[in-house]
Structure formats: C-alpha cells, structure tokens
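Please read the numbered points with the structure in view.

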Amino acid sequence: MYTLSSIAGAKLAHNNPGLTDLSDKYRPQKIGEHFSELYDNEWTEAVHQLTGGRDEEMAIQMIRDVLKFVANKTKCWADKQYKNLQEALFQRDLRDSEAGRFITTYKKISELQKEVAVLSISNAKKWLKENEEFVSKYKDVLLHCEPFIDRSIEVCWMMQIQDPPMYLQFDSTKNIDKSLFRLFTKNGRSLDFVVWPALLLHENGPLVQKGVVQPMKENSSKKEAS
C-alpha cells in the first residue's frame, strides 16, 4: 500500500541527481572515479598502442571519437531498454493507482537497469563489435585497443542509466573554459583540439570530472605583451 510519504519521497527522488544513495555502486561519484581511471589507464595505453603507425594528435583524436561513438550508442541502447521496461511495468501495474504507477515506472526502472547492468554491458560490448559502421571506421582501435573499448562501454553504460543520465561534454569554446577543461601538454588560451571530454552530472549540470584540451601554442611575444 502506498502512503502519502512514500509517494512524496518517490516524486522527490525521481530525476533528482542531488540525492545520492551512498550504498549504490553506480552512483555518480563512483562513475566519476571510474571515468578518471579510464583516462589514466586504458586511454594512456591506447595512445601508446596507436602512435606506432600515426602521429600522437591523430591517435588522440581517434580515441576521443571512439569514446564519443560509444557514448552515443550506449545512450541509444539504454534509452531503448528504459522504454521497454517502462512499457512492461506499466502493463503489469495497470490496476494500480496513479501514484503506484508513478513509483513503479519511474523509481523502479532505474533500479532494474542497475540490477541487470552486468548483462546489459556484456550485450553492449557484443553489439558494438558487430556494428558495421564502428568496425569499418575504427578497426585499428578495435585491433589494438580492445581494453579501452570495453572499459569505455562499461563506464558509459553506467552514466546512461543514471536518473537523469550523466553527460559528456566533448565540445569546447575557442577560448578555453578552464572551469571545465585542463590543459594537455601546452600552455595557451585558444583551443587547438579536445583531448578528453568533461563529465557533467547531467546535461548543463555541475562538473564531475574536468576534460582535457590541447591549446594553440602561444608565441613568446604575445605572452610578454599580455
């Protein structure tokens, strides 16, 4: 039986990233840590593996584009799973009150997605590696950097099943926003290219992890003048 307090609690928790369950291993803070580790570990090794046959900038941008592809695909798959669960639960709870359906279809779906996350991630890895566009476009990354791809899928899937989903900011303004991005190997104010995206709690939300950008190199005369 649903009480007024349980209904109010469900409404408050739904789509509210400010409320954190500290027992949840998929909570945003933990995902932020995993995202940072992905950059420090698998990304570093992937760049090392790819720079044998191409320059570093090309390798970095290819790996960034792979992460963007993975993020977009996992979003599509997680959204589809959400809708399927929503339809199934709505049919099951059709006789419940409006408040009961709210709790079931909005509070429970995220919990169910987290409960089946291991299986979902396994399926996502299989689907991606059978995706013709991905295989043809990033065959070198798939051949040499599979640990990076696998870990990216794991972390991106965990981002997508948050309520609301976490967001990767791949774009930067020409004048680098240092509140969102840190510098890579050069000093400068103007963007050359994005190395690694910033992670936000949700789209247009607060920062969880800074991204990394490579600025255009400033000449010494400009530095002295400034």
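**Notes on the predicted model**

1. Strands β2 and β6 (residues 211-215) pair in the parallel sense, over three bridges. Two strands are taken to pair if DSSP finds at least two bridges between them. Strands (E, at least two residues) and helices (H or I, at least four) are DSSP runs, numbered from the N terminus. Within this pairing, L183 has V213 of β6 as its bridge partner.

2. The model is predicted, so local features need pLDDT of at least 70 and side-chain atom pairs count only at pLDDT 80 or more, while totals for chains, interfaces and linings use all residues. Residues are numbered from 1 along each chain as its sequence is written, and side-chain values use heavy atoms, with hydrogens and water left out.

3. Regarding confidence, pLDDT is the predictor's confidence in each residue, from 0 to 100. The chain has a mean pLDDT of 85, and 79% of its residues reach 70 or more. Over residues 1-12 pLDDT stays under 50, and the model has 14 contacts beyond four places in sequence for them; a contact means heavy atoms within 4.5 Å. Residues 220-226 also have pLDDT under 50 throughout, with three contacts beyond four places in sequence.

4. The pairing of β2 with β6 belongs to an open sheet of three strands, in the order β2-β6-β3, with mixed pairing. β2 (181-183) and β3 (191-196) are at the edges with a single partner strand each, so one side of each is left without a neighbour in the sheet. On average, neighbouring strands of this sheet are turned by 35° against each other, direction ignored. Helix α2 (residues 28-50) lies across β2, β3 and β6 and runs at about 100° to β3. Axes are lines fitted to C-alpha atoms, for helices over the stretch in contact, and angles run from 0 to 180 degrees between N-to-C directions.

5. A further open sheet has three strands in the order β1-β4-β5, with antiparallel pairing. Its edge strands are β1 and β5, each pairing on one side only. The twist averages 40° from one strand to the next. β4 and β5 pair over two bridges in the antiparallel sense, and L200 has L207 of β5 as its bridge partner. Helix α2 packs on this sheet too, touching β1, β4 and β5, and its direction makes about 45° with that of β5.

6. Two details of the backbone deserve a look. D163 and P164 are joined by a cis peptide bond with omega of about 5°, and P164 is placed in the loop between α8 and β1. N204, which is not a glycine, has a positive phi near 65°; this residue lies in the loop between β4 (198-200) and β5 (207-209).

7. Which residues lie nearest the centre of the second largest pocket? They are N72, K75, Q160, Y167 and L168, out of 14 lining residues. On a 1 Å grid over the protein atoms alone, a pocket is an open set of points where a 1.4 Å probe fits, with protein on both sides within 12 Å along at least five of seven lines, and lining residues have an atom within 4 Å of a point.

8. At least two lining residues of this second largest pocket come from each of α3 (56-92), α8 (146-160) and β1 (167-169), and α3 gives the largest share, four residues.
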